[in-house]
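Q: Could we go through this structure together? I would like to begin with its pockets.

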Amino acid sequence: MNTRLIDTILGRTCGCDFHSFGFCILIINKIRLFSCSMLLAIWLVSSPALAEPALDDLVLIANAKSGIEHLTKREVVNIYLGRYRRLDIGSSAEPIDLSSKTDAKALFYRLLVDKNLAEINAYWSRLVFSGKTRPPQQADSVDEILDMVGHNRNALGYIDRASVNSQVVIVFEWSDS
Amino acid sequence: MFFTQLKKLAGLFWFIFSLSAFDARAAETSSLNIHGFGTLGLARSSSSDVGFIRNLSQPKGIQDGEWSGRIDTILGVQAHWQITSDLTAVGQVVSRYKYDDTRDPTVDLAFVKWEPDDRFSLRVGRIGSDVMMLADSRLVGYSYLTVRPSVDFFGSLFFSSFDGGDGSFTLPLGGGLIRSKIFAGRLHEKAPDDPSLWDTSGSRLYGAVVDYFSGPWQFRISSSQLRYSSDVDFKALTGILYGISDATGITDARDAADAFVTKDTNSHYYSLGTVYDQGPVHIEAAAIKIYHETATFQDSRSGYLLAGYRINAVTPYIGISRWTTDDENLQTGLPDELVLPSGTLDFKPLNDRFQGIMSTLSADQTTTTLGIRWDVRPKVALKAQWDSVYAYDDSKFPYASASDTDWNGRTDVISLSMDFIF
């Protein structure tokens, strides 16, 4: 259905006189522009989630040589929410997130602060666009997290327990909290 | 004119989205990241007497029941450059409806941040104003529940950033974290002063903020002071008062005119706030008291309470807010009629005009808000909101185009928006 036809139909439906017809067209144009912009933005911004098996035994890992033995849930919350990343051993933690395309990230934040990814994104948008702090680095896969943590003594990441290797140690697990 | 601007904005949206889609993957691994935020908002106000505005930086409001995207539509783009591990540069450009009746993009943030460790940070450049809790992120609709920040609370804040610096220090304390911050600088923005502009650039702003974080709680106390660099243009009124005072010897008229001097006077902001954010529950409340040394603005108190509960991707919310000002009870000191040997001077029109101006400086209203946020995608939220404003007295200060109207104090504002980040 073309634009003119839509306008014509809506104009007739409104029963408009000449002046209010112009007003209707203006309103219709605004609504049409708004609707198109919304659809366009949703299409462009949205990205399909890549299905991955849910991790039912998520653990937080650090570099085996980091000197970190254990973190409390409060410390993990502060680190991952960007409030305070200084560790008791004197270094600064560098948290790593899995990509939003994974189910593990959603599970991690649900377990940590009972928030969904939209809420976490909203939280970070407030901090990022006020220039206060930066969100965790992103990794696309568990292997990438293992590689980043294995090569960085300050890095932290969450993976499933079965993937833990000799280069990393578990510093927090939900059974502790 | 507005519709043309909206079309241009839509084109800008398209360009930015295309850019971000192309650059997104590369940006994740680069030290230079481009991000953005935006709001496509439509709102209508039932009142035909006053223009409903988001805050005092907007010269024209929405009224007459007409749907408009004027007050809430915003687009921002940020470049974030991690120069070294402890040095960051941030630049942010925002297009929004502002004091000069345009959406011309302005540099909202432009600073360098030095963060030698996680306890201390120093920022120098153009920085978001942190005078009230959440004030420095109030352009980012995606970051909060409502379509717009509470007008009763944030409405008087006509500036969004300043040129200067801030330093913050964070320490663990009592199982939580305490973060203290001081800031100082100068404003760079103008404010609408119908029919002209009030240039506030150079006005000195400084203050201190203390936040305490404990589990799902955040508490905040802040104090700041703003010293104005220029006068609001009341020359047409004050010039007459000075002239009459000189001619008649009535010093009260001069005192009344002096009270409108703004330059080199201070406004003092004292604010408290708290946020409780646990699981699906989100509650926030804040209050502020503002003292002004000039009669151009009346001392004010305002506060709001907002509560939301998430059910899957949908979060209904309810809020209530209040904004009141203290009546200055300022008079010209002139009798309605002054009998002189040479005749009678009729000052009643001047006294009426003076009181008319004073009435536009008052706020005394309560707003009830009901709304719903639907996170349709992880980075896109749709919102619908109803605000019911009840003004108890002659509350015209929070509105545009309110000077010559007999507003009955009631308006309902319906708002729809799509907020997104990229």
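This is a predicted model: local features need pLDDT of at least 70, side-chain atom pairs count only at pLDDT 80 or more; totals for chains, interfaces and linings use all residues.

Q: Understood. What is the volume of the second largest pocket?
A: The volume of the second largest pocket is about 1300 Å³. Its lining comprises 47 residues, and those closest to the centre are B:Pro192, B:Asp193, B:Asp194, B:Phe234 and B:Thr360.

Q: Which helix gives the most to that lining?
A: Helix 3 of chain B does, with 4 residues. Other elements of chain B that each supply at least two residues include strand 9 (190–193), strand 14 (281–292) and helix 5 (348–359).

Q: And how many of the lining residues are charged?
A: The lining has 9 charged residues, alongside 27 nonpolar and 11 polar ones.

Q: Changing topic: which residues make the nonpolar surface patch of about 270 Å²?
A: That patch is made by B:Leu32, B:Trp81 and B:Ile83. B:Trp81 lies in strand 3 (residues 74–84) of chain B.

Q: Why does B:Trp81 count as partly exposed?
A: B:Trp81 counts as partly exposed because its relative accessibility is 43%, and that class lies between the limits of 20% and 50%.

Q: Now chain A. Which residues of helix 3 (residues 73–80) are buried?
A: In helix 3 of chain A, the buried residues include A:Val76, A:Val77, A:Asn78, A:Ile79 and A:Tyr80.

Q: What follows helix 3 of chain A?
A: Helix 3 of chain A is followed by A:Gly82, which has a positive phi, near 75°.

Key
Residues are numbered from 1 along each chain as its sequence is written. Chains are lettered from A and ligands numbered from 1 in the order in which they are written. Side-chain values use heavy atoms; hydrogens and water are left out. Buried means under 20% relative accessible area, exposed over 50%, partly exposed in between (1.4 Å probe, protein chains only). Patches are made of residues with over 30% relative accessible area and no salt bridge: like charges are joined within 9 Å, nonpolar side chains (Val, Leu, Ile, Met, Phe, Trp, Tyr) within 5 Å. Accessible areas come from the Shrake-Rupley method with a 1.4 Å probe; for residues, only the protein chains shown count as cover. A salt bridge is a side-chain nitrogen of Lys or Arg within 4 Å of a carboxyl oxygen of Asp or Glu. On a 1 Å grid over the protein atoms alone, a cavity is a set of points where a 1.4 Å probe fits but cannot get out, and a pocket is an open set with protein on both sides within 12 Å along at least five of seven lines; lining residues have an atom within 4 Å of a point. Grid points are joined across faces, edges and corners, and a volume is the space filled by probe spheres set on the points. Ala, Val, Leu, Ile, Met, Phe, Trp, Tyr, Cys and Pro count as nonpolar, Asp, Glu, Lys and Arg as charged, and the others, Gly among them, as polar.
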